[in-house]
Amino acid sequence: MKNSMKNDMKSSMKSGMVMEKGIVVSQRELAKDIYDLVLEAPEIVSAARPGQFVNVYLNDPSRLLPRPISIADAEAGKLRLIYRVTGKGTGTEWISGRVPGDVLELLGPLGNGYTELSFSCPVLLGGGIGIPPMLKLAKTIHKERGVRPHVILGYRDLAFMTEDFLPYADVTETSDTGETGIKGTVIDGLKSLEVRPDVLYSCGPKPMLAAVKSYAAELEIPAYLSLEERMACGIGACLGCVTETTGEDDHSHVKNARVCKDGPVFPAEKVTL
């Protein structure tokens, strides 16, 4: 295991991953238990792609494992992480207590991200805490492709990020309760559009991703799904975040893949949900 971890770390370092001390610039609560953390981390920012994540270390000997958090934005040396506090006494609660000037050890950028961006009518679907990584993706598509994508944001109740998307995308909101936008799912929001997408990009809970995969198959268009899994090492060594796939993995030679290393973004047809 130790040699495997060393090899995976070396491989990841070659692909642009770095250890960096991030300096907290600001932190605020966007909604109940949803926090917006901005850090100075120029090395990670310079290498970050849409859909990647970072491991945040807790500087606490009682909590050895880092917390993986998706990159919401990375620009001008500033790394923006938007995350949910998962309960009292958790690592994410500890992170939420950091203030400007504090230093956090970061490892990243990790994962493959969204790399296939050559589409003319993309639709981005984010659900819950799967919304933040859609921001950097929307900005990148707008800047690099000259396309203003459609973005469907699925909230539980109240919105917490919509305004961030408006300069770069056409936004449709949905919510479980009907308090924000259309009452229903992101698929309901997608069906309300008067366009036919040629690709779907999505991040959110598995039931939502399964629905996106099914709808993309119905439309006969590609879909790229970012999976949410509990992670430990973040570099593919521990096999703690495997997901079932439709084909054999080159690493393990069975039908699974490591979400942290092989993903978190997968073509929809390659994962079993």
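Colleague: What should I know before we start?

Modeller: The model is predicted, so local features need pLDDT of at least 70 and side-chain atom pairs count only at pLDDT 80 or more, while totals for chains, interfaces and linings use all residues. Residues are numbered from 1 along each chain as its sequence is written, and side-chain values use heavy atoms, with hydrogens and water left out.

Colleague: Which strands pair with β2?

Modeller: β1 (residues 18-31) does, antiparallel over seven bridges, and β5 (residues 78-84) is also antiparallel to β2, with seven bridges. Pairing needs at least two DSSP bridges between the strands. Gln-27 stands opposite Leu-37 in β2, and Leu-39 faces Leu-79 in β5.

Colleague: What's in the turn between β1 and β2?

Modeller: Two residues separate the strands of that hairpin, and Asp-33 in the turn has a positive phi of about 70°.

Colleague: Switching topic: what's the strand order in the open sheet?

Modeller: β10-β9-β8-β7-β11-β12-β15, seven strands with mixed pairing. β10 (182-183) and β15 (265-267) are at the edges with a single partner strand each, so one side of each has no neighbour in the sheet.

Colleague: How do β7 and β8 pair?

Modeller: In the parallel sense, over five bridges, with β7 at residues 122-127 and β8 at 150-155. Val-123 stands opposite His-150 in β8.

Definitions and conventions
Helix = DSSP H or I, 4+ residues; strand = E, 2+ residues; numbered from the N terminus.
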